Structures are given as C-alpha cells and as structure tokens.
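Work through the exercises below with the coordinates open. Each task is followed by a solution in steps.

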Amino acid sequence: MRDALRSSAAALKAEGVPFALAGSYALWVFGGPEGDHDVDLVVPEVSVEEAVRTLGCAGFVIDRPPEDWLFKAWWDKVMVDVLHRLVGVPVDLDLVRSAEEHDVLGVRMPVLAPTVVMTTKVLSLSERYCDLATLLPGARAVRERVDWPQVRAAAAGQPYAETFLFLATRLGIID
C-alpha cells in the first residue's frame, strides 16, 4: 500500500493535479494506525478526468464503479480510492488547498487535517457500514489535533455519528 500511495501521489503531483491524502493514511501521518485496506485520495470534482488520465498513464488500472463519488485506481492488487465527493459534498479546490503539506514516504504532499478526516469518517457511518471499532484507534491517536466541537456540530442529527461520539466520550477518548 505504501508503494501505491507514493506512486499515486507522485504522479498527481508531477502533473499538477490538485489532490490531498485522506482517510486512514491521513490519520497515519498524524500518528494514527497505518491503513490496512486501501489508500484514499481526494481530488476536486472538476479534476476527476485529469486525475483518471494521470493515474492511467502512470500505470494504474482505472475502475469506475457504479458509485458516482469516486473512482478506483489499482496498483498491482492495491486499491487507491480517489474520491471527488465526501459524504455527498463535492470536493472543491478550497478543501484541497486547506490540507497541510507533509513529507509522506519521501513525497511532499497535502494531507487533510484530522478534523476533516474524522468528520467524514463519522458522517459516513450508516446502517450499511457501522464499524465503530475501526474508528476508535485513529480517534484516540489524533484526539488532540481534532476540533471535536466542530465534529459534533457536523454530526448533529446523524444517529450513527452521534453514537460514535457518545462512545468515544464514554471511553475517555474525547471530552
């Protein structure tokens, strides 16, 4: 997965495609556990086709699933999810520009802030995906870097997100 992360980020960066590291690997940059499923990147919705071309030319196999909020770029057997909407909201250039620059595996790249990542993770919880246990280690690791009142405000009225925040509070992960 590290090779897929490094290769995808380097290719997008070389071609000037705006992107940011997201998901579990973004939390990993800030001290969270390393992702074990896939790599998540975000690109502005207006840059999707440019990202598809860039990654395809870099040797990734492109897959366009029925979901209309991402495409998948395969590096050998490793999946890179390239998202252009986060919990239904189009990714824009402002979100990508808000990311912090970090050296990740030898490549300088933008990384979404932990508050943004945790917000999208808790808002993605639903009756079809409700694995609270996978979120706890990441939340624990980056808790000091997350604006929890902002996450709570975004989660208001979302029962699965509110349940995670309740559990994290009861476990002493957040105040």
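**Exercise 1.** Classify Asp103 as buried or exposed, and find its salt-bridge partner.

Step 1. The partner is Arg108, with the closest N and O atoms 3.7 Å apart; a salt bridge needs a side-chain nitrogen of Lys or Arg within 4 Å of a carboxyl oxygen of Asp or Glu.
Step 2. Arg108 is partly exposed, at 37%.

The model is predicted: local features need pLDDT of at least 70, side-chain atom pairs count only at pLDDT 80 or more, and totals for chains, interfaces and linings use all residues. Residues are numbered from 1 along each chain as its sequence is written, and side-chain values use heavy atoms, with hydrogens and water left out.

**Exercise 2.** Characterise the salt bridge between Asp81 and Lys72.

Step 1. The N to O distance is 2.8 Å.
Step 2. Asp81 is buried at 9% relative accessibility, and Lys72 is buried at 16%.

**Exercise 3.** Which residues are linked with Asp68 in a network of salt bridges?

Step 1. Asp68 and Arg85 meet at 3.3 Å, N to O.
Step 2. This pair links distant parts of the chain, 17 residues apart.
Step 3. Arg85 is partly exposed, at 23% relative accessibility.
Step 4. The network consists of Glu45, Asp68 and Arg85.

**Exercise 4.** Decide whether Lys121 is buried or exposed, and find the nearest side chain of opposite charge.

Step 1. Lys121 is buried and has no salt bridge.
Step 2. The nearest side chain of opposite charge is that of Asp40, 5.5 Å away.

Key:
Buried < 20%, exposed > 50% of the residue type's maximum accessible area, 1.4 Å probe, protein only. Lys, Arg positive; Asp, Glu negative; His and termini not counted. Helix = DSSP H or I, 4+ residues; strand = E, 2+ residues; numbered from the N terminus.
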